[in-house]
Amino acid sequence: MSKIQIKPSTILAPLPAVIVSLGTMESSNIITVAWTGVVCSDPPRMYVSIRHERHSYQILKSTREFVINLTSESLLAAC
């Protein structure tokens, strides 16, 4: 599947489940997240909510960086 480029926008509605990737080359993880949204449009900022009990929480706490990956319609059920 080829990468789909989406024009920059601050709209993320309806809120889909997203795949969040985070970590370093030594300690990385991918997690499905249902709680995400826009915090600010200028500069663009988004949030994710991850429970303290999740493995990804400690990685996020230490790196303070993450990538939100939107899925295509064909991958939505798998997400």
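This is a short walk through one protein model, from its overall layout to a few single residues.

Good morning, everyone. One caution before we start: the model is predicted.

Let's begin with the layout. The protein has 79 residues, and 20% of them are buried. It contains one helix and five strands. What pattern do these follow along the sequence? They run β-β-β-β-α-β.

Look at S1 and S2 next. S1 covers residues 18-23, and six bridges link S1 with S2.

S3 spans residues 36-41 and S4 spans residues 44-48. They run antiparallel, joined by five bridges. Val-38 faces Met-46 of S4 across this pairing. How many residues does the hairpin from S3 to S4 pass through? Two.

Stay in that loop for a moment. Pro-43 lies there, between S3 and S4. The peptide bond between Asp-42 and Pro-43 is cis, with omega of about 5°. Why point this out? Because most peptide bonds are trans, and most residues other than glycine have a negative phi.

Where is Arg-64? In the loop between H1 and S5. Is Arg-64 buried or exposed? Its relative accessible area is 72%, and exposed means over 50%, so Arg-64 is exposed.

Helix H1 takes in residues 55-63, and Ser-56 is part of H1. Ser-56 has a relative accessibility of 1%. Buried means under 20%, so Ser-56 counts as buried. What does Ser-56 touch, leaving out residues up to four places away in sequence? Leu-22, Asn-29, Ile-31 and Ile-50.

Next, Tyr-47 in strand S4. Its relative accessibility is 31%, which makes Tyr-47 partly exposed. Its contacts, again without residues up to four places away, include Trp-35, Val-38, Phe-66 and Ile-68. Trp-35 is 12 residues from Tyr-47 in sequence. In space, their C-alpha atoms are 8.1 Å apart.

How do contacts look for the whole protein? Count those with a separation of 6 or more: 44% of them join residues 24 or more positions apart.

Last stop, the surface. The accessible surface comes to about 6500 Å². Carbon and sulfur atoms account for 56% of that. Which residues make the nonpolar patch of about 330 Å²? Ile-4, Ile-6 and Leu-70. Leu-70 sits in the segment after S5, and with a relative accessible area of 46% Leu-70 is partly exposed.

How values were computed. Residues are numbered from 1 along each chain as its sequence is written. This is a predicted model: local features need pLDDT of at least 70, side-chain atom pairs count only at pLDDT 80 or more; totals for chains, interfaces and linings use all residues. Side-chain values use heavy atoms; hydrogens and water are left out. Two strands pair if DSSP finds at least two bridges between them. Helices (H or I, at least four residues) and strands (E, at least two) are DSSP runs, numbered from the N terminus. Patches are made of residues with over 30% relative accessible area and no salt bridge: like charges are joined within 9 Å, nonpolar side chains (Val, Leu, Ile, Met, Phe, Trp, Tyr) within 5 Å. Accessible areas come from the Shrake-Rupley method with a 1.4 Å probe; for residues, only the protein chains shown count as cover. A salt bridge is a side-chain nitrogen of Lys or Arg within 4 Å of a carboxyl oxygen of Asp or Glu. Buried means under 20% relative accessible area, exposed over 50%, partly exposed in between (1.4 Å probe, protein chains only). Contact means heavy atoms within 4.5 Å.
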